[in-house]
Amino acid sequence: MPMNWLLEVFDENLPFTNPVVVFAIVMAIILIAPLFVRRIKIPGLIGIILAGAIIGPSALGLLDRDNTIELLGTVGLLYLMFTAGLSMDLNQFLRNRVRSFSFGLLTFLIPQMFAIAIGIYILDVGLLTALLIGSIVGSHTLLAYPIAKRLGITRNRAVTMTMGGTIVADTLALGVLAAVVAITLGEVSVGFWVQFVLMLLLYATVIIVGLPIVGRWFFRNVQSTGDADFVFLLVMLFASAVLSELVGLAPIIGAFLAGLTLNRLVPDNSPLMSRVQFVGDALFIPFFLLSVGMLVDFRVLFGSLELWGLALTFAALVLFGKMLAAKIAQWAFGYRSSEGWTMYGLTVPQAAATLAVTLIGFDQLQLFDEVAVNAVVLLILITCLIGPVVVERYGRQIALESEQEEVEIDTTQRIMVPLANPANAPGLMDIALMIRSADSNEPIYPLTVARDGPDVQAQVSSGEKILSHAVLHATAAGVPVLPVTRVDLNIANGIHRAVRERRISTLVIGWNGVVTTRQRFLGSILDQLIQNTRQLVMICRLIETPVNTTNRIVLVVPRFAEREPGFADAVKQVKRLAKQLGTRIALVTPQVAAERVREAVEAIKPKVSVESVSLATWSQLTSTLDDEVENDDMIVLMSSRSGRISWTADNARLPQRLSARFERHHVVMVYPSEILRAREARTPSQSHLYFDVNRIVLDIDCDHLDDVVREILYSAFEGEAGVRESLRQTLMRNVEQFAMELAPGMVLLHRHVPYVKEPQVFLGRSVTGIRVPGIQEPAQLLIVLLSPADAPPEEHLQALSVIAKSLSRADQVERILTARKPDDVMTLVADAADSA
């Protein structure tokens, strides 16, 4: 037998005690059990619990629930609570703190009241025992939290409220336990309660106030390395748990509070958060689930009807009481049904506080017998199987509903990070990671540009070193990276060329805050880049302090900035940054437009807490910032390119002034995208705006496609023979791949080219018919769409879509063929657009 052979090899009896064998078995279960149960549509964590029960001492007996398993299980539970606090949307939690407290009361008191009534009148136990039963069924453990995290709903309002309510419910459960212990042992007195409350307040002050201070000091002063940062979080986690035990609370409360207070210092998209989640998901949390499964004693389960009756009574109290609390909260707060059921699924599982209350009631107080203890173990198994299934089902609904509500999917967001200074490269990459859409599949493009010259090879080599660190930084956060290197005589041109080639939508670039005399006269690289690009540009003057220590973002919005075409997208990036940092936004804007700007900012997703600071006059900006800006604030200035509606000479000097005045703060200048203008200004019903009467050529007397294209382009580029020829060659290259027959007799050619600033449509009508490679029948109408080389794909595709809708109907082709002059064609296109 394989088992006997294994025992002989290691010279052991069951259960195994050899640490290598024990760990190998545990790792195999963590790998195989979830894969097996997912095939039958059961959440993976249930597989680990069931596997723990099967290999435990009451079944196969492969492993014993000894001190090592208990230790790792406890560590896993504390780690689970810590990551729950670390992943919460802190702004939403603070906004909904009253709801969290209210739900915590509901989800504890309703089962508690039912337990007291049933305990006294049906189970015939005393009041103290009934109170302990109420503490058992009133508490809960966030065992299904990993499922919520996997589904991406941890920042949902209902999930956030439930996580906050968990602390309230478990604190009340352990508070009742402390009171019962004091009464039973005769230690209850006014002094006892005064001491308990004072210790609780002292502990809360130390954790809530002290931990963020220690965390900010550490991240500011200790050189950032992945290992040291991660170990620091572990130290804070277990120190908080130990202090929690010292004041009479459960360690899980300390673990959760540690995660909550350090939340702002560990952004969701950061490499550090990626490490925290990886270690928890792969090791610590599965150990906790395994230890829960090993609690099950099959011999007792199948040997006592009394035990089953008591266990089912406990289970009914939990299932009905928690459901009633969740549904009342859903109704009271106006949540959706899926959110109510997810709250229920998260609050059903019993484990941590349940075991603590049960064991103390059995060992110290003798209020429970062995039957009750085993009934609680069965309760844990039942609830740990039901809760995750409910969260899996209804959490998916929340995820789907959120996708429909939140317009956060940015499939074409492409972020490039030009790097030159190794010192600020980590900060720039952090900002790029934070503003990156969670739904984006696009990589981040770190870029180095070497100036062409005798030492170009040395520059390229130096740039590759910077890129290698950037790649490792982003890869640690689980984000794909595609490094780019360019060589050019002009650095700005090299960046611009890379932007065009990669069709970048967002640039995140560093700045040292200094403007030399030469740069004032000739213009800096940044000046050239801003003027030559139309993409969203974020210029970051970063200091040595890590970005994740930011406490608040001060967003400065000049007058008329909200009317810039790319304002909404720019604000969205700033709000993403604030959401990742867990900070609020202080909006500084002129009083005359304060209300309008605030409404515009608050309407843009994601949701972030926004407070207003109004300026009576714009000249008061610097003095107001002197009063408003606090330590650890980041200043973000909504800038604009020369010639835009919000640009003024005074505003153009603001970056240098703010950089010099606030040299101990991160300062970021955001230049909104101008590419959005074409996309936002034109809807399908305005497709005629792509056309121009000067780009419509009728009655062309030739049948070669090459000649027709040359004739059409001449109308718009009459004095630019070189541009005309370049465009003709581009359109004729691989024409078979790009020619589309919109309708019989109508062919479309389309390309991205560098000579236009917005999508343009050309129309040519041939008298003899046009022979187009790849198209069988001669075409009488040729449509040419030219989009800017740096235009995002969706802008080009939208233009194709609206052109097709306007021109591809058979009757429309006939009308264009019989039109007498270009103005008539424009009228036909406009009429078709209005009726589309």
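1. Some housekeeping. This is a predicted model, where local features need pLDDT of at least 70 and side-chain atom pairs count only at pLDDT 80 or more, while totals for chains, interfaces and linings use all residues. Numbering runs from 1 along each chain as its sequence is written, and side-chain values use heavy atoms, with hydrogens and water left out.

2. On to the overall picture. The protein has 35 helices and 15 strands; helices (H or I, at least four residues) and strands (E, at least two) are DSSP runs, numbered from the N terminus. The C-alpha trace spans about 105 × 65 × 60 Å along its principal axes. Of the 836 residues, 56% are buried. Taking contact as heavy atoms within 4.5 Å, residues 24 or more positions apart make up 80% of the contacts with a separation of 6 or more.

3. The sheet deserves a look. Counting two strands as paired if DSSP finds at least two bridges between them, 10 strands line up as β3-β2-β1-β4-β5-β10-β9-β6-β7-β8, an open sheet with mixed pairing. β3 and β8 (610–615) are the edge strands: each has a single partner, so one side of each lacks a neighbour in the sheet. On average, neighbouring strands here are turned by 20° against each other, direction ignored.

4. At the β8 end, β7 (residues 584–590) runs parallel to β8 over six bridges. Within this part of the sheet, Val 588 sits opposite Val 613 of β8. Helix α23 (residues 525–532) packs on the sheet too, touching β2, β4 (506–510), β5 (536–541) and β10 (666–671), and its direction makes about 170° with that of β4. For that angle, axes are lines fitted to C-alpha atoms, for helices over the stretch in contact, and angles run from 0 to 180 degrees between N-to-C directions.

5. Salt bridges next: a side-chain nitrogen of Lys or Arg within 4 Å of a carboxyl oxygen of Asp or Glu. The structure holds 20 of them. One joins Arg 414 to Glu 442, with the closest N and O atoms 3.4 Å apart. This pair links distant parts of the chain, 28 residues apart: Arg 414 is in the loop between α18 (370–405) and β1 (415–418), and Glu 442 is in the loop between α19 (425–435) and β2 (444–451). Both Arg 414 and Glu 442 are buried.

6. Then there is Glu 501 with Arg 486, where the closest N and O atoms are 2.4 Å apart.

7. Arg 771 is partly exposed, with a relative accessible area of 46%. Ile 700 has Ser 766 in β14 as its bridge partner, and four of the five residues of β11 are buried.

8. Is helix α4 covered or exposed? Mostly covered: 15 of its 21 residues are buried. Its length checks out as well, because the 21 residues (67–87) should span 30 Å at 1.5 Å a residue, and the end C-alpha atoms are 30 Å apart. The expected span is 1.5 Å times one less than the number of residues. Asp 66 caps the N-terminal end, with a side-chain oxygen 3.2 Å from the backbone nitrogen of Thr 68.

9. A last stop at Ala 51, in helix α3 (residues 44–55). Ala 51 counts as buried because its relative accessibility is 13%. Leaving out residues up to four places away in sequence, Ala 51 touches Ile 29 and Ala 33. Met 638 is 587 residues from Ala 51 in sequence and 56 Å away in space, C-alpha to C-alpha.

Conventions: Buried means under 20% relative accessible area, exposed over 50%, partly exposed in between (1.4 Å probe, protein chains only). A polar contact is a pair of N or O atoms within 3.5 Å; within protein, one must be able to donate a hydrogen and the other to accept it, and residues adjacent in sequence count only if both atoms are side-chain atoms.
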